[in-house]
Amino acid sequence: MAVAGPTGPALSREEVDRALARLGAEHEAVESSLLALQDHAGRRLLEGAELTGATKSRWAVAEQLITQLWTHFDVYTDVLTTARELRARHRWPTQGELAELTDLLRGSGVTLPGGGTLALSLAPTAARLSERLSLTELVDRMNGWYAEALDVVVTADAVWSALPARIDLLAAELQRTRSLAHSVGVRPGEHPSGDDLEQITHELTSLRAEVISDPLAFWYGASPSSAPGGGRPDTARYDRAARALEEVRREIEAVLDVRQDAEQRLMRVRDVLSRADRTLNEARQARVEVLSKIAGSDVPAVSGPPTALYEQLSAAADQRRRAQWHRLSPLLESLEERSEEELLRARESLTAVTAPLAVRAELRGRLDAYKAKVARHGLAEDPFLIERYDDARRRLWSAPCDLMAAEEAVLRYQRAVAETLSPPAGAAAHEPTDRRGES
């Protein structure tokens with residue numbers, strides 16, 4: 001909205017004509033602005049909405065401001081019409097006419113009825129029968145009121161344009177997620193995600209009602225009618241609800257994945273537990289063998305089958321039959337992890353139990369390797385080596401086998417082979433050594 005020029009001395013004919021032309025253009029601009037405000041979608045929505053909170057109080061003020069704006073504009077129109085009629089009386093106006101025109105255009109020639117001054121706080125000034133002011137003061141007042149009213153209208157329209165549609169889209173996504181959750185047994189009171197969906201539903205319902213009734217409470221920053229980019233709708237609550245729904249949706253998808261491949265996963269768990277059982281059986285048989293064939297061995301005990309895991313596996317199969325996917329999902333994950341741990345434990349148990357047999361096998365292999373070495377050097381008939389070999393072999397192949405004595409016998413055979421194969425001159429340089437790792 002334009003502003004009238006400053007007051008001054010009596011205007012000349014040319015100055016009056018220029019002022020009237022300027023005021024005419026200004027009048028058209030003011031009228032266009034008021035009509036645009038009157039037809040603004042935000043204003044129509046505000047008039048038809050049941051408002052609460054800050055929006056209700058500010059719109060009550062804005063409505064009165066708009067009414068006063070039209071009242072002041074009518075006065076402005078009357079003054080301009082009067083000035084035009086006065087100027088049209090004569091081609092060359094008299095000094096009296098110029099003085100009257102000057103008072104209308106730049107002086108305090110605008111008369112307003114009492115109560116014309118209105119603040120945004122709705123606190124009127126002292127009651128007056130009427131007041132006089134200049135066109136400049138009149139337009140300045142209208143500019144201020146117009147800005148206040150436009151701020152309420154534009155802010156409410158910006159919030160209504162941004163948030164309700166997004167809330168409705170999120171609510172539609174929420175409804176699809178609820179239907180999907182219901183199909184896999186995720187319901188309030190039975191699964192945490194069901195409770196989350198219920199909470200998100202209440203939050204979106206409450207948020208939409210608050211946005212519709214009090215849009216100004218959801219504006220952050222400067223007014224949208226001020227500098228561009230000065231503010232924006234406050235979407236913090238909407239964003240939190242959207243993130244919560246996304247987390248629930250991922251949880252539901254995980255449950256759906258369980259429904260699709262539950263049988264295969266259960267079969268894999270059964271297979272892993274079966275392998276663990278077979279490994280434990282093998283460990284128990286190996287322990288009996290070790291105790292009967294290895295003397296003085298400290299053989300660890302072998303645990304029984306994982307009864308608790310089998311019970312949980314049976315419960316998981318029952319949940320699958322009952323389509324209780326929301327309960328099967330975490331149970332399957334636990335079963336998969338614990339069954340792998342059970343298989344690893346069974347393998348470790350077998351390794352620990354069969355360790356003495358592995359030592360005996362290593363000693364037997366070493367003894368045979370040295371015998372083959374002796375044969376390659378043509379000493380297979382050496383009585384001393386035969387004696388040492390027979391002693392070691394008897395100890396290794398006897399039951400129960402004394403591993404410590406057998407290992408010592410193998411070492412004696414190794415030393416004998418080393419001494420026999422060493423040349424006499426180098427006996428001192430080639431002291432017999434423990435060749436326990438040679439093969």
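Let me start with Arg-249. At 25% relative accessibility, this residue counts as partly exposed. Keep in mind that the model is predicted.

Who does Arg-249 meet? Its side chain forms a salt bridge with that of Glu-253, 2.3 Å from N to O. Both residues sit in helix H7, 4 residues apart, which is about one turn of the helix. Glu-253 is partly exposed as well, at 34% relative accessibility.

Stay in helix H7. Glu-246 and Arg-250 also lie there, again 4 residues apart and about one turn of the helix. Their side chains meet in a salt bridge of 3.5 Å, N to O. Glu-246 has a relative accessible area of 29%, so it is partly exposed. Arg-250 has 46%, so it too is partly exposed.

Now put these together. Glu-246, Arg-249, Arg-250 and Glu-253 are linked in a network of salt bridges.

How many salt bridges are there in the whole structure? The search finds 19. One of them joins the side chains of Arg-415 and Glu-408, at 3.8 Å from N to O. The cut-off is 4 Å, so a pair at that distance counts. Arg-415 is partly exposed at 30% relative accessibility. Glu-408 is partly exposed at 34%.

One more residue in helix H7, which covers residues 236–293: Arg-275. Its relative accessibility is 29%, so it counts as partly exposed. Which residues does Arg-275 touch, leaving out those up to four places away in sequence? Leu-343 and Arg-347. Arg-275 and Glu-340 are 65 residues apart in sequence. In space, their C-alpha atoms are 10.0 Å apart.

Next, helix H5, residues 135–183. Thr-155 has its place there. Is Thr-155 buried or exposed? Buried, at 4% relative accessibility. Its side chain reaches the backbone oxygen of Asp-151, at 2.7 Å.

Asp-151 is also found in helix H5. It is buried too, at 12% relative accessibility. The cut-off for buried is under 20%, so Asp-151 falls inside it. What does the side chain of Asp-151 do? It makes a polar contact of 2.5 Å with the side chain of Arg-58.

On to the rings. The count comes to 2 aromatic pairs. Take Trp-70 and Phe-73: their ring centres are 5.9 Å apart and their planes stand at 90°, so the pair is edge-to-face. Why edge-to-face? Because planes over 60 degrees apart count that way, and these are at 90°. Both residues belong to helix H3, residues 53–88. They are 3 residues apart there, so about one helical turn separates them.

Phe-73 is buried, with 5%.

Last stop, Trp-397. Which residues lie over its ring? Arg-364 lies over the face, 4.3 Å from the ring centre. The charged end of Arg-393 sits over the ring as well, 4.4 Å from the centre.

To recap. Helix H7 holds Glu-246 and Arg-250, along with Glu-253 and Arg-249, and a network of salt bridges links the four. Helix H3 carries the Trp-70 and Phe-73 pair. Trp-397 has Arg-364 and Arg-393 over its ring.

Technical notes
Residues numbered from 1 in each chain as written. Predicted model: local features only at pLDDT ≥ 70, side-chain atom pairs only at ≥ 80, totals over all residues. Heavy atoms only, no water. Phe/Tyr/Trp six-rings, centres within 6.5 Å; stacked < 30°, edge-to-face > 60°. Helix = DSSP H or I, 4+ residues; strand = E, 2+ residues; numbered from the N terminus. Buried < 20%, exposed > 50% of the residue type's maximum accessible area, 1.4 Å probe, protein only. Lys NZ or Arg CZ within 6 Å of the ring centre and 35° of its normal. Polar contact = N/O pair within 3.5 Å; in protein donor to acceptor, adjacent residues only side chain to side chain. Contact = heavy atoms within 4.5 Å.
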